[in-house]
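Me: I have a model open and want to learn how to read it. Please take me through it feature by feature.

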Protein chains: 2
Amino acid sequence: MTASLPDLTKNQSLVFETLSQAGAPLSAYTILDQLREHGFRAPLQVYRALDKLLERGLIHRLESLNAFVACQHNHSHNHLGTTVFVICGTCGDVNELNDQVVSDQLMRRAVEENFRVESAMVELRGCCSGCQD
Amino acid sequence: MTASLPDLTKNQSLVFETLSQAGAPLSAYTILDQLREHGFRAPLQVYRALDKLLERGLIHRLESLNAFVACQHNHSHNHLGTTVFVICGTCGDVNELNDQVVSDQLMRRAVEENFRVESAMVELRGCCSGCQD
DNA sequence: ACCGATATGTTATGACATTACATGTGAATT
DNA sequence: AATTCACATGTAATGTCATAACATATCGGT
């Protein structure tokens, strides 16, 4: 499951492993702290790895948390469309939904406005099923 | 248009005016700098005002920019549903769309997951009509 | 062996946001 | 008028997130 992927560098693998095993969003500095025993010393070591992992779609950045999560989906398939992140403020759990209606409608509106979309962010914050009264 | 609203405090009015007149997203520290001549000295003076303005829906926070904008719409009506922010990375312009399909579908999915939504963020980054080649 | 591209290490700094505590201000009550 | 309470404000310090700039290492292809 969390086996390291080919052609990830050492730092990239370490960061990816950390995120995968956490199963929850981590800040760059939390990752840094967890990797100090592996020789990490500076934020940039983490941020550089994160950038590469983001490029490859192995992880996601949660803008509303300033944090990063490992992608839930298998990386065999490409991510078509926009991912909806559903984030529980109580337990910290994050779910990824790929909703065709939302994706299509966002793209439709962008086209209407003649806006060229480079990236899209959709995040729902709230309280998950398991955490409610 | 940018006339100060009733029962805004002095600091809240100043911050709101600054954002309204900018017509574009500003960071809290940019606002601070613009208000130094009015006696602002510390970030907290800005953040506190921003919090109140956010509560009242007079401004929005753009998560992907760590910045704030005055709401485009008139405040006479309530904001029902989720607002889609369309952000041009070239000219910095921000558009607010209120899309019923997107709002409804997001809420539908949340209900399906028994997720209680407290806040939603939808931001499209890219290049606007006026800024393309 | 050489070269170029990419990854890494390190220090310093910049940018964004909050904690903690003190003080002012104004409306409602006595 | 004095008291009280809620709220807004002032200020310093600190915490959190992210990048610039520069040096060194590693590795594949020629």
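**Reading the core, the interfaces and the DNA surface**

Reply: Start with the largest nonpolar core, which has 62 residues. Those with the most contacts inside it are A:Val15, A:Leu19, A:Ile59, B:Val15, B:Leu19 and B:Ile59. This is a predicted model: local features need pLDDT of at least 70, side-chain atom pairs count only at pLDDT 80 or more, and totals for chains, interfaces and linings use all residues. Residues are numbered from 1 along each chain as its sequence is written, while chains are lettered from A and ligands numbered from 1 in the order in which they are written.

Me: What is a nonpolar core?

Reply: In soluble globular proteins, nonpolar side chains tend to be buried together. Here a core is a set of buried Ala, Val, Leu, Ile, Met, Phe, Trp, Tyr and Cys residues joined through C-beta atoms within 7 Å. Buried means 20 or more other C-beta atoms within 10 Å of the residue's own, with C-beta atoms placed from the backbone.

Me: Which residues is B:Ile59 in contact with, leaving aside neighbours within four places in sequence?

Reply: Contact means C-beta atoms, placed from the backbone, within 7 Å. The partners of B:Ile59 include B:Phe16, B:Leu19, B:Leu50 and B:Phe68.

Me: How many residues of chain B are in contact with chain A?

Reply: 31 residues of chain B touch 31 residues of chain A. β3 (83-88), α4 (100-112) and β5 (116-127) of chain B each give two or more residues to its side. β5(B) gives the most, with 12 residues. Helices (H or I, at least four residues) and strands (E, at least two) are DSSP runs, numbered from the N terminus.

Me: In which sense do β5 of chain A and β5(B) pair?

Reply: Pairing needs at least two DSSP bridges between the strands. These two pair in the antiparallel sense over 11 bridges. In one of them, A:Ser119 has B:Arg125 as its partner.

Me: How is chain A divided?

Reply: Domain bounds come from an automatic or database domain assignment. Chain A has domain 1 (10-70) and domain 2 (83-128). Their centres, taken over C-alpha atoms, are 22 Å apart. Eight residues from domain 1 and nine from domain 2 make the contact.

Me: How many residues surround DNA strand D?

Reply: Near means a C-beta atom, placed from the backbone, within 6 Å of the strand. 19 residues surround DNA strand D, and A:Ser27, A:Asn66, B:Thr9, B:Asn11 and B:Ala42 are the closest. α2 (28-34) and α3 (43-55) of chain A give two or more residues each, as do α1 (10-22) and α3 (43-55) of chain B. α3(B) gives the most, with five residues.

Notes. Two residues are in contact if their C-beta atoms, placed from the backbone, lie within 7 Å. A residue is buried if 20 or more other C-beta atoms lie within 10 Å of its own, exposed if 12 or fewer, and partly exposed in between; C-beta atoms are placed from the backbone.
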